[in-house]
Amino acid sequence: MAALVPAIHALLVTTTWMPGIKPGMTTERTGCDVEWLNTILQGVLLGGLYAMFAAGLSLIFGVMRLVNIAHGDLIVLAAYVALVTVETLGINPLTSLVIVVPVMAALGYILQRVLLNRTLGDDLLPPLLVTFGLSVIIQNALLQFFTADSRKLNAGDIEIASIQIGGGLAVGVLPLLQFALAVAVIAGLQWLFYRTALGRAFRATSDDQPVAQLMGLNNAHVFALAMALSLAVVALAGVLLAVRANFDPSIGPARLIFGFEAVIIGGLGSLWGTLAGGVIIGVAQAIGAKLDPGWNLLAGHIAFLIVLALRPQGLFPKVQG
Amino acid sequence: MPDHLLEVRALDAHYGDFQALFGISIGVSQGEVVAVIGANGAGKSTLLKCIAGAMPARGDAIVFDRAPIGGLPAHVVVARGIALVPEGRRLFPSLSVEENLLVGGQLGRPGPWTLKRVYDLFPILAERARQPSTSLSGGQQQMVAIGRALMSNPRLLLCDEISLGLAPIVIRDIYARLPAIVAEGISVVIVEQDIVQALKVANHVYCLQEGRVALSGEARAMTREKIAAAYFGV
């Protein structure tokens with residue numbers, strides 16, 4: 001238990017870490033209204049990234065009732081996998097997705113088959129403890145290999161490119177791309193869940209594991225595919241995070257909390273709700289930061305608490321099972 | 001012994017320290033309907049669960065198509081050609097009627113049963129294809145459960161208490177489809193509390209009592225007295 005104490009401490013401390021929000025994306029400031037509009041717009045676009053953090057988390061919980069505490073650290077791991085890929089091959093971070101996504105998906109499949117499937121059962125506690133331990137291991141392994149230095153991926157000119165959308169407002173191409181990818185990921189998962197045989201297998205297994213097995217579904221394999229899919233989304237989120245802001249081995253748990261909050265705000269089991277949850281946290285953080293830079297994270301958490309107090313089931317709940 | 005499609009040989013089964021089955025031996029031939037009857041807790045459902053791979057069993061205690069399948073996981077057993085219609089129907093609540101059927105057929109075993117054939121057998125399901133499975137009546141849900149099992153094109157169909165909780169007219173309606181299923185060369189094991197219904201459709205009957213076979217014989221040769229004695233052990 002003694003080893004858990006510093007880890008919990010780290011969890012609490014890292015939640016106060018500031019994400020690299022880039023204010024003032026407008027090229028000209030024509031008034032107070034435009035600034036506020038801009039703030040909200042940036043918040044919405046940031047929300048796309050949070051929705052991606054949340055989508056993988058939501059997917060895993062939905063299919064196998066596993067709360068993946070290591071989710072945030074897996075996002076950071078994906079960022080480092082991208083870092084190594086970019087430095088080794090000398091390619092653009094966005095191109096590195098071609099490698100990082102399959103690598104993380106394969107890792108997810110193996111992780112589930114070798115480790116996490118053994119923790120699943122009637123009790124929710126073993127997977128919680130094992131993924132907590134995994135979180136500690138990933139953080140320390142990254143610290144060992146990459147040191148605590150902040151790193152960032154450089155995506156080149158696209159990072160500073162922006163589009164004028166009139167009225168003195170401009171949006172960065174990269175945040176826009178990030179939001180478009182988030183919408184595409186959510187739409188893709190929605191399609192996969194409700195229109196494909198794999199999605200049918202996910203939902204059937206989620207409904208009734210023993211009967212799904214009687215219908216010829218190998219739960220161990222279905223769960224591993226779900227984890228592979230989750231880590232494919234994690235890979236995308238990790239690369240976008242690494243291009244957007246500095247990262248170091250300790251920032252995982254805070255990403256986990258943003259993801260959790262987006263899932264809860266949206267309502268468990270609702271993918272589009274997850275996007276809405278991400279956007280709400282993103283906007284709240286942006287508004288908080290605008291009022292006072294120190295309120296950035298606090299505002300996101302307060303928005304989460306307000307939703308939790310007024311609508312504990314989330315905004316778009318979907319009753320499962 | 002005649003060449004059986006399924007042979008259960010001296011099968012024991014346990015729930016923890018409690019022993020539910022004691023040396024059960026039964027045989028099912030190709031194209032035969034076998035009824036397993038018995039009081040509550042006699043071990044009927046446990047027997048089906050063991051055969052379907054949902055409960056552990058000694059390897060050679062269950063022989064299917066000359067291969068030992070005891071203790072194989074359920075998803076492997078269904079791929080060999082044994083499908084279970086579970087007690088209480090157990091449809092997937094978040095899936096539509098058609099999706100439930102498609103999950104049953106996702107192994108892609110070749111055979112006569114397709115979505116269209118299941119809809120021909122139970123036309124009402126075609127009308128309800130897009131509805132959530134939970135919105136159907138009990139009888140219709142049972143049809144989905146049977147159709148779902150058939151979609152895997154089994155050689156042996158196990159039906160656990162398909163009359164449970166259904167009105168007599170609905171039970172007659174469902175049993176009326178059984179000959180069409182057997183006509184495809186499928187063997188069927190029926191677990192029933194409704195003895196009259198079971199005797200009507202079965203070729204062979206086994207009566208279980210407290211985890212043991214108390215009576216076995218041709219369905220036609222059964223008398224009320226024999227069954228009452230085996231059923232209650234008096």
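Me: How many salt bridges does a search of the whole structure find over all chains?
Reply: This is a predicted model, in which local features need pLDDT of at least 70, side-chain atom pairs count only at pLDDT 80 or more, and totals for chains, interfaces and linings use all residues; side-chain values use heavy atoms, without hydrogens and water. Residues are numbered from 1 along each chain as its sequence is written, while chains are lettered from A and ligands numbered from 1 in the order in which they are written. A salt bridge is a side-chain nitrogen of Lys or Arg within 4 Å of a carboxyl oxygen of Asp or Glu. Over all chains, the number of salt bridges found is 13.

Me: Which residue forms a salt bridge with A:E87?
Reply: A:E87 belongs to helix α3 of chain A, and its partner lies in the loop between α5 (125-146) and β1 (162-166) of chain A, 64 residues apart; helices (H or I, at least four residues) and strands (E, at least two) are DSSP runs, numbered from the N terminus. The closest N and O atoms are 2.9 Å apart. The partner is A:R151.

Me: What is the angle between the planes of A:Y80 and A:F247?
Reply: The search finds seven aromatic pairs over all chains, where rings of Phe, Tyr and Trp (its six-membered ring) pair if their centres lie within 6.5 Å, and planes under 30 degrees apart count as stacked, over 60 as edge-to-face and the rest as tilted. A:Y80 in helix α3 (residues 71-89) of chain A and A:F247 in the loop between α9 (219-244) and α10 (252-266) of chain A are 167 residues apart. Their rings are edge-to-face, 5.0 Å centre to centre, and the angle is 80°.

Me: How much area do chain A and chain B bury between them?
Reply: Contact (heavy atoms within 4.5 Å) joins 16 residues of chain A to 19 residues of chain B. Buried area is the accessible area (1.4 Å probe) lost by two parts on being put together, summed over both. Carbon and sulfur atoms hold 63% of the total, which is about 1,700 Å².

Me: Which residue of chain B forms a salt bridge with A:R203?
Reply: Between chain A and chain B the count is two salt bridges. In the one formed by A:R203, the closest N and O atoms are 2.6 Å apart, and the partner is B:E99.

Me: Which element gives the largest share of the side of chain A that touches chain B?
Reply: The elements giving two or more residues to that side are α7 (197-207) and α8 (209-214) of chain A. The largest share is five residues, and the element is α8(A).
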